Amino acid sequence: MYDFLLPDMGATAPILLVALIGVVLVVVDSFSNDSASIPWLSGAVLVAAITIELARVGVTDSAFMGHVMSGGFASFVNVVILLGALGSVILSVPYLSRTGHNFGEVHALILIATAGMMVLANAGSLITLFVGLETMSICLYVLTGLVRDNERANESALKYFLLGAFSTGFFLYGIALLYGATGTMMLSDMPAALVETGRTGFFAGGVALLLIGFFFKVSAVPFHMWTPDVYQGAPTTLAGFMSTASKTAAFAALILVLGRILPLDDVGLDTRHVLAIVAAITMVVGNVLALAQRNIKRMLAYSSIAHAGYILTGLAAGALGYAGALYYLLAYTVMNIGAFGVMSVLEWDGKQGAEQTIDSLAGIGSRKPLLGVAMGVFMFALSGFPPLAGFFGKYFVFAAAVDAGLTWLALIGVLASVVSAYYYLRVLVAFWMKKPEDAHVSVQSAAFDVPLFSKVVLVACVAALIALGIVPGFITEAAGAFFVTPEATALLP
Amino acid sequence: MELALNWYLSLSAVLFVIGVLGVLLRRNAIVIFLSIELMLNAANLALVAFSQTFGDVNGQVLVFFVMSVAAAEVAVGLAIIIALFRNKETVNVNEINLFRG
């Protein structure tokens, strides 16, 4: 009787697999508390899901009567999300063991959050959009407040939770108004419904509220206030997870929504201008505020706000910029997982690095050359230095903005990324140019070694950034194909 | 029918605005959280009203999802507030200000 469900479940296998193992881990954890097998299981299921998705990048399909996309664009984004999750899981094991918080449920929550992100990024209707967003967010609130006995972690979790739930309210009201304006929940039916009804007040209000929800999730200015507080107080590797995978998922969903709304000329113009203005403010504010930070995690948080601005520049360019934005999301995921990974090794204040200043990292480069070189690559990549992936990411989104007639926006972006070089290179000055003796006495004596798992991830991130920088065409061709082929026009009309 | 829809939507808009104002003006974390729930339920009311008018079940399906999501959010949110209260003995958001810059 339910035969028709089997192909649908096959098409969404990676999401279901990750969610299922997430639930299984909760059960395993309750029988064998914090068992050492849990991280291995969660790593294995993430690798399996990546393998399945990689095999399906070439085919575009949908499941559950169009409510969930699969293959093509969806697979590409899922691979990026899963890579971010895999990197975070591997980095989290040594990090959380050292701080005494390597609970089994952490990995269960990461997997369920990942499943939510994939649902969000593959959404074919407003219902899946909402369910995916909330599955992701609720798990992330818990992960932020993981260190229950620390006041800062509590504060981060509370701020994230209250502001996140507040933005969910706007997001949901936006969905309700869009539904009222078009009479359908399916994203693919919306263009036709809009042609019929025209642009109503409901529609404009719905798009505006939906965009507020999205801007909050990708931490675009003026909805960015939570980001620095949350990243500073959350466990470092999990902050890396939040800043990469959840942002990728939210941007992918934003592309799916905009892809349907923007092509209608009279509607597109306004929304595109809003995106361009938000992108410009986000780039400027993120980079300028990052200049003043002394804590590295806070600086990385402002840098992630600035990067959201660069990616929004690509989205403001319309269909031209989507492929560039996808490439940027991949590059950004790799370099940010790496940067947070380095910081997770260099933490000895017992407060998730919430009080560590950049000066405390003086001379790390000569004490631990591997960390110094890796951090150098990540910082150069984040600031957009030519041979590395970060440069091509910026090049693709800014070129798309120029092609779309937004030269002023590309100009602001280039100037903002020049400013960003200052604070990224300041980290490298502390790492390499200062002597270990410059650091505070307590830091000089701090004993730390680099766990094998962390080394593996950091080396892999460095290699990936160089490879993506040398042959960027491989990815952009794959990403560009989603937005030109006939199947893709069916996906994104 | 048209009149009925407008009545529902007006009530929903009023509830939503009350919720937003509650979040912005109140300083007790639990009352803020309550106001957020009011916003979600305002959206639910609008969804049900639209769904009824269109004779389309999708809107009401989403309402069920929203209710279960809101329940999960309550579980997580109250746990976070309790964890904070154990450490700081306050739920006033003005006194929760360890981070600067």
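Me: How many residue pairs are in polar contact between chain B and chain A?

Reply: This is a predicted model. The count takes pairs with both residues at pLDDT 80 or more. Between chain B and chain A, the number of residue pairs in polar contact is six.

Me: Which element gives the most to the side of chain B that touches chain A?

Reply: Three helices of chain B give two or more residues to that side: α1 (2-25), α2 (29-54) and α3 (58-88). With 17 residues, the one that gives the most is α3(B).

Me: How many nonpolar residues are on the side of chain B that touches chain A?

Reply: In total, 46 residues of chain B are in contact with 42 residues of chain A. By class, the chain B side has nine polar and four charged residues. Its nonpolar residues number 33.

Me: What share of the area buried between chain B and chain A do carbon and sulfur atoms give?

Reply: The count of salt bridges between chain B and chain A is zero. The area buried between them is about 3800 Å². Of this, carbon and sulfur atoms give 77%.

Me: Is L172(A) buried or exposed?

Reply: L172(A) lies in helix α7 (residues 151-182) of chain A. Its relative accessibility is 0%. Buried means under 20%, so L172(A) counts as buried.

Me: Which residue of chain A is in contact with L172(A), leaving aside neighbours within four places in sequence?

Reply: The contacts of L172(A) include L40(B), A43(B), N44(B), L47(B), L62(B) and V66(B). L209(A), 37 residues along the chain from L172(A), has its C-alpha atom 8.2 Å from that of L172(A). From chain A, the contact is F130(A).

Me: How far apart are the end C-alpha atoms of helix α6 of chain A?

Reply: Helix α6 covers residues 126-144 of chain A, 19 residues. At 1.5 Å a residue, the helix should span 27 Å. The end C-alpha atoms agree with that, being apart by 27 Å.

Me: How many of the 19 residues of α6(A) are buried?

Reply: α6(A) is largely enclosed by the rest of the structure. The number of its residues that are buried is 16.

Me: Which residues are linked with D229(A) in a network of salt bridges?

Reply: D229(A) forms a salt bridge with K159(A), the closest N and O atoms being 2.8 Å apart. D229(A) is in helix α10 (residues 226-233) and K159(A) in helix α7 of chain A, so this pair ties together parts 70 residues apart in sequence. D229(A) also pairs with R298(A), at 3.1 Å between the closest N and O atoms. The network links D229(A) with E155(A), K159(A) and R298(A).

Me: Is K159(A) buried or partly exposed?

Reply: D229(A) and R298(A) are both buried. For K159(A), the relative accessibility is 22%. Buried needs under 20%, so K159(A) counts as partly exposed.

Me: How far apart are the closest N and O atoms of E53(A) and R56(A)?

Reply: E53(A) is buried, at 2% relative accessibility. R56(A) is buried too, with a relative accessible area of 17%. The two form a salt bridge, and their closest N and O atoms are apart by 4.0 Å.

Me: What is the relative accessible area of T313(A)?

Reply: T313(A) is placed in helix α13 (residues 296-316) of chain A. Beyond four places in sequence, T313(A) touches A279(A), M283(A), V397(A), F398(A), A401(A) and L409(A). T313(A) is buried, with a relative accessible area of 0%.

Key:
Residues are numbered from 1 along each chain as its sequence is written. Chains are lettered from A and ligands numbered from 1 in the order in which they are written. This is a predicted model: local features need pLDDT of at least 70, side-chain atom pairs count only at pLDDT 80 or more; totals for chains, interfaces and linings use all residues. Side-chain values use heavy atoms; hydrogens and water are left out. Contact means heavy atoms within 4.5 Å. Buried area is the accessible area (1.4 Å probe) that two parts lose on being put together, summed over both. A salt bridge is a side-chain nitrogen of Lys or Arg within 4 Å of a carboxyl oxygen of Asp or Glu. A polar contact is a pair of N or O atoms within 3.5 Å; within protein, one must be able to donate a hydrogen and the other to accept it, and residues adjacent in sequence count only if both atoms are side-chain atoms. Helices (H or I, at least four residues) and strands (E, at least two) are DSSP runs, numbered from the N terminus. Ala, Val, Leu, Ile, Met, Phe, Trp, Tyr, Cys and Pro count as nonpolar, Asp, Glu, Lys and Arg as charged, and the others, Gly among them, as polar. The expected span of a helix is 1.5 Å times one less than its number of residues. Buried means under 20% relative accessible area, exposed over 50%, partly exposed in between (1.4 Å probe, protein chains only).
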